[in-house]
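These are my notebook entries on one structure.

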Amino acid sequence: MAGAASLGFTLAFSLLAVFVCAFRRKAGEKWGAYLACGALGGTAVASVLLMAAIFQNDFGLEYVANYSSKDLDPLYKFSVFWAGQQGSFLLWLLIHALVGGYLACRKKLAPQGMAVYMLLQALLAVLVLGKSPFLPVAELMEDGVGLNPLLQDPWMAIHPPIIFIGYALLAVPFAYGAGALWQDPKDDGWLEPARKWTLIAWAFLGAGIFIGGYWAYKVLGWGGYWGWDPVENSSLVPWLLAAVLLHLLKVAKVRPNVRVMAHLAAIFTYSFVLYGTFLTRSGILGDFSVHSFSGTSIGLLIAVVNALVLMAALCQLIWKLKELPQGEIYEGYGNREFLLSLGMLLLVFMAVIIFLGMSMPLLTQLAGKPAAVDTNFYVRTTLPLAVAMLAVLTCCSMRGYGGSRLLQGQKVKMVLAGCFVLGAVLALAAGVRGILPLLLAGTALLGVGASVLGYPRSGLRLGGTIAHVGLGLGLLAIVLSGSGSQTLSEEFQAGETRSLLGHEITYRGQDFSEDGKGKAYVYEVDGQEVRAHTKLHSNGSDAAREPAIYKSLTGDIYIAPTPPQETGVEELTLKKKQIALAGEEAYLLEDVEAEEEPGGRLRLTAEISVTDGDVVDTIRPVIEVSQNRTGNSQPVSVLEGRKRVRLTGMTEDYKKVRLEILPSLEEAEKAAVTASVSTKPYIWLLWLACTAVTCGCLLAAKK
């Protein structure tokens, strides 16, 4: 109740702040700051209460019971906070409230803009209350379900918070624009602060996307870092539109007539943040995305909030349109203003295509049969636009505002031509043969060269130049590591060495951890050991797999093993005092012991005699059953290690038990496996480029 009450205070303080800032402007700054801090306090209390419930294993809360467990690592207990819908909404609200408190106390926003910002905060509070993390569990359990093993990774512990920082910060330029329209549409004082906040938001949202891509590459084992998944795209679209907003805010300082477009960009950027949230949280994408949350009633509420924000903002812009500067945006086709507008138009086209693709399940559902587009749709449509955008970037670096030439002369042309040829040659050397990928590689390095040559004459400072260089190198790396990748599927026997894709690869077998919670497939690539790790469920089945990655200057060798199909595992049911045969061995259930443990757990021990005709062995396998009836057991060696036995179930009257008969540990370690082996040429360049884009944006925001 305390958590829900705190969220109620957040909503009340946010709405009061809206009223004070909107209608009592003289006292708005002072009282608005007090109320913003009050709303922050309510959100902080709710967040602390949820985090305390997670670390105190309060499984009376449905959210904690569904995402946490007693044995969860402390690092991942932190990430439980944002692992589900309810917690992630609270995280978003907390970040939004922190930024709101800063804006109000430091008087960074005029009262009108602060009113808009706090109204957005009130709507977020409504969403959190609509899907509260403080609801009680329907059936009390002693231990929780636990966090999805795939999410138990350091990169996934930081990926969602960074994404939500980007989402929350994109509300700031939206509020600046709406506040300026409300106060004085002719005033351009909002452009520079809005640009800086957009830079920071764009950097964080981009970093979150990049980290998500690296996690997919490192953990999922499918060999890629971007699958054009609808949920991935729901973050990409506002990121692209934020790039449009960023550049339009820059041009609007030189050409006042661009302010209308800047306002539109601010509106649609934040609206697509809300739309992406609707897609991912409504359950519409449940059959089309590995990331989507299950369907709940919160989807309709998010859709209503999205519609209200979009329609209210557009109506305000239309109402004030006549008071904004009118006229031509550019004077000629050869000046920088036209080229920047053309580049932003290409980004808008790209965002619209991705929007249509990711929305296809929703659009086709209206026709009665939901369907999704495949990844080739995105590649075919966005690749030509990326080539054109890089060509425009090159021309922008060579032109100044008003049409002045910044880069000219035979040497400049030769350097730029050399960059284009070098990019295409690198792609050819990596195995790329398609015309469009080769063009993209050439224009990517061409854009890098133009950005470097144009600094600082092009008007870009160091941060912007680094970001543009990172963008070009990133697109080059995507061509090299994607179109240049080669993949083979091979079966490996333990100890066998194969010459594949120019490398000597040896499979050494499986290595099982002592606690039974994981195993590793051990390989040697050119003499260097690499391991593909697998996390195991308590019943021994695979929970999450990570590939083995061999890193070198020329790229990665990526090995994703498939679990052996023939595991040699047999299932056997034993009745008390009755002999059962499995292969050449006979099994007899002698007795069962049951012992209650604290917390409602039950420890069951079966006494079983095993013989192969020559030797009789007695084992005592154990299974621990939790209150929610899930079991945890470890295999026990029998007959001098020739077999292993796992107790997997038992009837309530203890007269029957279910066993798994496993091969010896040595046999399991030496079992043959099939693995997908692929090359990822120069993929390290992609991670370097992503870092450059993020750092360049943050550096530009400081200026």
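**Entry: H159.** I looked up the contacts of H159, where contact means heavy atoms within 4.5 Å. Setting aside neighbours within four places in sequence, I found H159 in contact with G208, I211 and G212. H159 lies in helix α7 (residues 154–169). I take helices (H or I, at least four residues) and strands (E, at least two) as DSSP runs, numbered from the N terminus. H159 has a relative accessible area of 17% and is buried. In my terms, buried means under 20% relative accessible area, exposed over 50%, and partly exposed in between, with a 1.4 Å probe and protein chains only.

**Entry: basis.** I note that the model is predicted, that local features need pLDDT of at least 70 and side-chain atom pairs pLDDT 80 or more, and that totals for chains, interfaces and linings use all residues. Residues are numbered from 1 along each chain as its sequence is written, and side-chain values use heavy atoms, with hydrogens and water left out.

**Entry: Q121.** I placed Q121 in helix α6 (residues 111–130). Its relative accessible area is 1%, so Q121 is buried. Apart from neighbours within four places in sequence, Q121 is in contact with S14, A39, L93, H96 and A97. I also checked Q121 against R601: the two are 480 residues apart along the chain, and their C-alpha atoms are separated by 44 Å.

**Entry: I549.** I found I549 in strand β7 (residues 548–552). I549 counts as buried because its relative accessible area is 18%. Not counting residues up to four places away in sequence, I549 touches Y217, K218, V530, D556, I557 and Y558. From C-alpha to C-alpha, I549 and L453 are 36 Å apart in space, and 96 residues apart in sequence.

**Entry: cavities.** How many cavities of 30 Å³ or more does the structure hold? I recorded two. A cavity here is a set of points, on a 1 Å grid over the protein atoms alone, where a 1.4 Å probe fits but cannot get out; lining residues have an atom within 4 Å of a point. Grid points are joined across faces, edges and corners, and a volume is the space filled by probe spheres set on the points. The second largest cavity holds about 50 Å³ of space. Its lining consists of F174, G177, A178, L181, H263, A266, I267, A313 and Q316. The elements giving two or more residues to this lining are α8 (171–183), α11 (259–281) and α12 (298–320). α8 gives the most, with four residues.

**Entry: α11.** I then examined α11 itself, which has 23 residues and reaches 33 Å from its first C-alpha to its last. This is close to the 33 Å expected at 1.5 Å a residue, the expected span being 1.5 Å times one less than the number of residues. α11 is mostly covered, with 20 of its 23 residues buried.

**Entry: cysteines.** I searched for disulfides, each a pair of cysteine sulfur atoms within 2.5 Å, and the count came to zero. C21 is buried, with a relative accessible area of 2%. C695 is in no disulfide either, and the nearest cysteine sulfur, that of C697, is 9.5 Å away. I recorded C695 as partly exposed, with a relative accessible area of 44%.

Conventions. On a 1 Å grid over the protein atoms alone, a cavity is a set of points where a 1.4 Å probe fits but cannot get out, and a pocket is an open set with protein on both sides within 12 Å along at least five of seven lines; lining residues have an atom within 4 Å of a point.
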